[in-house]
Each structure stands twice: as C-alpha cells, then as structure tokens.
Amino acid sequence: MSHITTEIPPRTAGNLTAVAAPTVPAPDERKGLTKKEIAADHPTWCPGCGDFSVLALYFKLIEKRKLWHEKVTTIAGIGCSSRFPYFVQAHGVHYIHGRALPFASGVSLSRPDIHVFVFGGDGDAFSIGGNHVNHTARKNIRMTYVIMDNFVYGLTKKQTSPTSPIGFKSKTDAWGAVDQPVNPMKQLIAAGATFIARTTHTNANHVLQMMEAAMDHDGFSVIECLSECIEFYEGAFDAANPRKGGVFNAVPANHDVTDEHAAYKLADTAFPGYFGIFYNVQRPTKNANEAKINANAQERLKGLKDWQILQKNFDRLK
C-alpha cells in the first residue's frame, strides 16, 4: 500500500523540535466512515418520530458515498428536525430559527469542495424562514435542503404550522385551522429551485434515492419529506403509507422533470399526491457565477501589490 508522507524539516523552538508529519493514506485508500464513527449524541426525538428514519438514511448516504468527517457539513435552524447537527459527528451548525439557509449559503460559496446539507421543518422553512427559501432558490446556491414536513409545530407542543391542513385542531386553532396551507412543491417551483423532490419517511429506499439524486445535482436541491409527529399529529400521513391502508403514488414514469408546468400540475394533486422527482433542470449556480466574477477581478489586478490594489480603491472614492 502506498502512502503520502509530508516531511517537515526539523526546527528547534525552545525545547521543542518539529518532526515528520504523520503518514496519511492517499485519498483513494481512505476507508469510508461507518455509522458508529459518524453518529454523535443519541437522538432525543420522541419514540416513533419520522426524523429517526431520515437521520438513519443520512448516515447511510455518508457511508455509501464514503464521505469523511471533513467533507460532511450539516446545518439546521430551530425545531425538532433541526437537532440534526447534534447527532452527526462532523462539522455542523445549529443556527437560529429560519436562518439556516443564509448561513449555509456562506459555507457553500466559500467551500466549493464540500456539499452542504441543510435540515429543517415546515415551520422553519415556510414560516419564519420562508423568505430565505425563496431567495436561496432564485440564486440557485449549491446545497441540499431536506424539509421534514409534519404539518404541525411539534417542538413547541402542537400549534398550527404553515402546512397544517384546513380543519386541523391545535393550541392556536382550537376550532380548527381555517387558513389555506402552503403547498411546498408549488412554492419551490415558483421560487426557482432547480431540483425538487418529494418523499416520505416510511419508504426508506425512496428517501435514500432522493438524497443521492439531490446530492448529485449542481444547484439548489430541495426534498420535502413527510415525517410524522406521532406525539401531536399521529396518523397525519396514513394515506401515503401502504402498511396503514394508504397508497404510495410514484411520479409517473412519463413525467418530464424539465417541464415546469408539468411539475406544477403534478404538485396540484390532492393529498397524498405523488412521490419522486418533480423538477430537475440545469441553470448556472451562484457559486459558478461568483467564481467567474472573482476570477475576472483577479485577472484585472494581476501583478499589483496589495497596497496598489488598495490605492486603486481609494482613488475611485475621490
């Protein structure tokens, strides 16, 4: 087995002497992480929560793609689903409510070598974070956003969420919800997301397939994953679960994923709707656009000293 070894010349500093750096395996020789190595704190969700399934499949994705700790970045906002970073032994941020996407955008734009994963719930994504969803989508920033939609605010103990159906009784709508719920697929299509998929936590193989497809997409990829809150909205997704008498409707094989109007029409289907990839197109990412701008700027300033560049900026202010 060949290895890459970086030698550091001995250097004395006081009583300390630098020695050769440790031997590091070549990239293609590194063993992929196991679930035991990538799992951190024990998940604290309620027993039976759909988020357990999504976390397990995220681990499976990391194992399958042979990602290493330094290549895994997990970012979340606030909510039950947003506890994800605590449970993943890698780089991650538990950010403020609804603001995970702006933070993740900075990570994505500054670190083109990694694929950023963001996790959130229906409240985090479509209520306080709704504006950020729209702008991240239109800018087409390269990352994957997994929205665990349970139709209720679970962390704060049963309030109506943006996706709660009409008639749902909660602490904020004891008489039953009367406001029209958000249709995640419609909003994402209209906002400009370039990859949009839908799945449910009860179909593990399908969740993993959607995660892999989203990760491979060069742009803003979003997955709405129905994730049941058994504590405050038990049975919400029985209609999509064959084991409970429901039906899992896969996106028709003849559906054109590049047709925006067809995707919108598919999204208008009554619940439980369809599951699979609704929309998948290629459009220049903000990552690529900004890299081009930076390269052009560096070319114009090629050969100049730092102080000369600073002087040019000052001169423009006169």
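## Helices H7 and H9

In this predicted model, helix H7 passes helix H9 in a left-handed crossing. The axes of H7, which spans residues 184–191, and of H9, which spans residues 260–267, come within 8 Å and cross at roughly 160 degrees. Because angles over 145 degrees count as roughly antiparallel, H7 is roughly antiparallel to H9.

On the H7 side the contact is made by Met 185, Lys 186 and Ile 189, and these meet Glu 260, Ala 263, Tyr 264 and Ala 267 of H9. Sorted by class, the contact of H7 with H9 has five nonpolar and two charged residues, with no polar residues.

## Helices H4 and H6

Helix H4 (residues 100–110) and helix H6 (residues 130–139) have axes that come within 8 Å and cross at roughly 30 degrees. That angle makes H4 roughly parallel to H6.

Here Leu 101, Pro 102 and Ser 105 of H4 meet His 132, Val 133 and Thr 136 of H6. By class, the contact of H4 with H6 has three nonpolar and three polar residues, and no charged residues.

In soluble globular proteins, nonpolar side chains tend to be buried together. In this model the largest nonpolar core has 31 residues, and those with the most contacts inside it are Val 116, Val 118, Met 143, Tyr 145 and Phe 220. A second, separate core of 30 residues includes Val 54, Ile 62, Phe 195 and Cys 225.

Leaving aside neighbours within four places in sequence, Val 118 is in contact with Ile 75, with Ala 100, Leu 101 and Ala 104, and with Met 143, Thr 144, Tyr 145 and Val 146.

Note on methods
Residues numbered from 1 in each chain as written. Predicted model: local features only at pLDDT ≥ 70, side-chain atom pairs only at ≥ 80, totals over all residues. Heavy atoms only, no water. Core = buried A, V, L, I, M, F, W, Y, C linked by side-chain atoms within 4.5 Å. Buried < 20%, exposed > 50% of the residue type's maximum accessible area, 1.4 Å probe, protein only. Contact = heavy atoms within 4.5 Å. Axes fitted to C-alpha atoms, helices over the stretch in contact; angles between N-to-C directions. Helix = DSSP H or I, 4+ residues; strand = E, 2+ residues; numbered from the N terminus. Parallel < 35°, antiparallel > 145°, perpendicular 65-115°, else oblique. Left-handed = near helix turned anticlockwise from the far one by under 90°. Nonpolar A, V, L, I, M, F, W, Y, C, P; charged D, E, K, R; others polar.
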